[in-house]
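Please keep the sequence and coordinates at hand while reading.

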Amino acid sequence: MEERTITIEIPEVLKKKLEDDCYYINRRKRLVKLPCQTNIITILESYVKHFAINAAFSANERPRHHHAMPHANMNVHYIPAEKNVDLCKEMVDGVRITFDYTLPLLLLYPYEQVQYKKVTSSKFFLPIKESATNTNSCDKRSCLQIALLPGQGTVTPH
């Protein structure tokens, strides 16, 4: 079977943050302090809210009458904003499921995996499914996701 490579363009700001994380976690043995303020559920919910607001505004900008539309656009299918928001929710839920699955398998450095196992084996830890509305519970990689945003979060000793 032929091996294929995929090239992913990573913005310099994100690349620098990822390199810093790699250095601080693997060489300096520094981890993100848990629990952190924002978890992956909060990030995804914020995205859905942002999407819904944009969908509502764009729906209000659409012409309300068919005679206002140019004849060439008559065969463009209009999808109501609420359907787009429902689709967005489904997509975000798929991202959350993928994240939950890949976090311990692919997204953590070995030193972080030890922290992850310790945190998830704690009797105080609630999996995301059970604590979806609790913004104080946070997994390691979602904290790093926040740290990847410019000007947000830093890796600190734990």
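The model is predicted, so local features need pLDDT of at least 70 and side-chain atom pairs count only at pLDDT 80 or more, while totals for chains, interfaces and linings use all residues. Residues are numbered from 1 along each chain as its sequence is written, and side-chain values use heavy atoms, with hydrogens and water left out.

**Aromatic contacts**

Two aromatic pairs are present in the structure. Rings of Phe, Tyr and Trp (its six-membered ring) pair if their centres lie within 6.5 Å; planes under 30 degrees apart count as stacked, over 60 as edge-to-face and the rest as tilted.

| Pair | Centre distance | Plane angle | Class |
|---|---|---|---|
| Y23 and Y24 | 5.2 Å | 70° | edge-to-face |
| Y47 and F51 | 6.4 Å | 35° | tilted |

Y47 and F51 are four residues apart in helix α2 (residues 40-61), which means that about one helical turn separates them. Helices here are DSSP runs (H or I, at least four residues), numbered from the N terminus.

For exposure, buried means under 20% relative accessible area, exposed over 50% and partly exposed in between (1.4 Å probe, protein chains only). Y23 is partly exposed at 39%, and Y24 is partly exposed at 28%. In the tilted pair, Y47 has 39% relative accessibility and is partly exposed; F51, with 27%, is also partly exposed.

A further ring contact involves a lysine: K29 sits over the face of Y111, 5.3 Å from the ring centre. The criterion is NZ of Lys or CZ of Arg within 6 Å of the ring centre and within 35 degrees of the ring normal.

I6, I8, I10 and L18 form a nonpolar surface patch of about 400 Å². I6 belongs to the segment before α1 (12-27) and is exposed, at 73% relative accessibility.

V119 is part of helix α4 (residues 110-121) and is partly exposed, at 26% relative accessibility. Its C-alpha atom is 8.6 Å from that of L34, although 85 residues separate V119 and L34 along the chain.

**Cysteines**

How many disulfides does a search of the whole structure find? The search finds zero, where a disulfide is a pair of cysteine sulfur atoms within 2.5 Å. C22 is partly exposed, with a relative accessible area of 31%, whereas C88 is buried, at 6%.

Technical notes: Helices (H or I, at least four residues) and strands (E, at least two) are DSSP runs, numbered from the N terminus. Patches are made of residues with over 30% relative accessible area and no salt bridge: like charges are joined within 9 Å, nonpolar side chains (Val, Leu, Ile, Met, Phe, Trp, Tyr) within 5 Å. Accessible areas come from the Shrake-Rupley method with a 1.4 Å probe; for residues, only the protein chains shown count as cover. A salt bridge is a side-chain nitrogen of Lys or Arg within 4 Å of a carboxyl oxygen of Asp or Glu.
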